[in-house]
Amino acid sequence: MKSILTDRQLAITIERLSHQLVENHLDFQDTVVIGLQPRGIFLSDRIYRHLQALVPSANIPYGKLDITFYRDDYKSGNLHVPNETDIAFSIDNKKVILIDDVLYTGRTIRSAMDAMLDFGRPAKVELCVLVDRRFSRELPIQPDYTGRTIDAIITERVKVLWNERDGKDEVVLIA
């Protein structure tokens, strides 16, 4: 295991991503934030808390999206345990910021975009990820906001450990 981000580096990275979102969205007028289940919500929860502190006057709608039934491998028997989708607002004509922990092949994000359409048609979709595995893409999907870009071979895995779930904050590369 090789450490990519320590707990301190992870905190700084999340703060930086939050500031970049504020820089581009200012008062968050007509902007919503959606975290992807299951592991992207740990990142989106933290970013959302930062956004609330940075722009306390903004009322930023925040939701969580499960893409299990939209996955292209769902019918192939690659079963995932569904999580809860919690989006209590329409995304019609809104700027949507999708948040996930690791961008790998792009298939999760494609599924998320399909699932989002059940909640309206957004004016714009942006992608914020903690880790971008840039040479692993199978679909032409790129993040707008990236915490760390890494080059990893196909046999390596990027694992994001969250204190809320794993007892510590760290991003590691597993060979």
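1. A residue counts as buried under 20% relative accessible area, as exposed over 50%, and as partly exposed in between. M113 has a relative accessible area of 31%, and is therefore partly exposed. This residue belongs to helix α3, which covers residues 107–116. Apart from its neighbours within four places in sequence, M113 is in contact with L98 and I141. I91 lies 22 residues from M113 along the chain, and the C-alpha atoms of these two residues are 12 Å apart. The model is a predicted one, and the points below should be read accordingly.

2. The packing of two helices comes next. Helix α1 spans residues 7–25 and helix α2 spans residues 40–54; their axes are 9 Å apart and form an angle of about 55°. That angle makes α1 oblique to α2. The crossing of the two helices, α1 and α2, is right-handed.

3. Which residues make up the meeting of α1 with α2? On the α1 side they are L10, I14, E15, L17, S18, H19, L21 and V22. On the α2 side they are L43, R46, I47, H50, L51 and L54. Sorted by class, this contact comprises nine nonpolar, three polar and two charged residues.

4. Three further residues of α1 deserve a remark on accessibility. R8, in helix α1, has 57% relative accessibility and so counts as exposed. A11 is also placed in helix α1; its relative accessibility is 38%, so A11 counts as partly exposed. Q20 is likewise found in helix α1 and, because its relative accessible area is 27%, is partly exposed.

5. R8 and D169 are 161 residues apart in sequence, with their C-alpha atoms separated by 8.4 Å. A11 and D169 are 158 residues apart along the chain, and their C-alpha atoms are separated by 8.7 Å. For Q20 and A152, the separation is 132 residues in sequence and 26 Å in space, C-alpha to C-alpha.

6. How many aromatic pairs does the model contain? The count comes to two, where ring centres must lie within 6.5 Å and planes under 30 degrees apart count as stacked. In the pair of F42 and W162, the ring centres are 6.2 Å apart and the planes stand at 25°, so this pair is stacked. F42 belongs to helix α2, whereas W162 sits in the loop between β7 (157–161) and α4 (163–166); the pair thus links distant parts of the chain, 120 residues apart. F42 has 14% relative accessibility and therefore counts as buried. W162 is buried as well, because its relative accessible area is 0%.

7. Y48 and Y62 also form a stacked aromatic pair, with 4.5 Å from centre to centre and 15° between the planes. Here, too, distant parts of the chain are linked: Y48 is in helix α2 and Y62 is in strand β3 (residues 62–65), 14 residues apart. Are these two residues, Y48 and Y62, buried or exposed? Both Y48 and Y62 are buried.

8. Most residues other than glycine have a negative phi, and most peptide bonds are trans. The peptide bond joining Q37 and P38 is cis, with omega about 0°. P38 is found in the loop between β2 (31–36) and α2.

9. Two residues other than glycine have a positive phi and may be considered in turn. D30 has a phi of about 60° and lies in the loop between α1 and β2. With a relative accessible area of 37%, D30 is partly exposed. N93 has a positive phi near 55°, and its place is in the loop between β3 and β4 (95–103). At 61% relative accessibility, N93 is above the 50% cut-off, and therefore counts as exposed.

Notes. Residues numbered from 1 in each chain as written. Predicted model: local features only at pLDDT ≥ 70, side-chain atom pairs only at ≥ 80, totals over all residues. Heavy atoms only, no water. Axes fitted to C-alpha atoms, helices over the stretch in contact; angles between N-to-C directions. Helix = DSSP H or I, 4+ residues; strand = E, 2+ residues; numbered from the N terminus. Parallel < 35°, antiparallel > 145°, perpendicular 65-115°, else oblique. Left-handed = near helix turned anticlockwise from the far one by under 90°. Contact = heavy atoms within 4.5 Å. Nonpolar A, V, L, I, M, F, W, Y, C, P; charged D, E, K, R; others polar. Phe/Tyr/Trp six-rings, centres within 6.5 Å; stacked < 30°, edge-to-face > 60°. Buried < 20%, exposed > 50% of the residue type's maximum accessible area, 1.4 Å probe, protein only.
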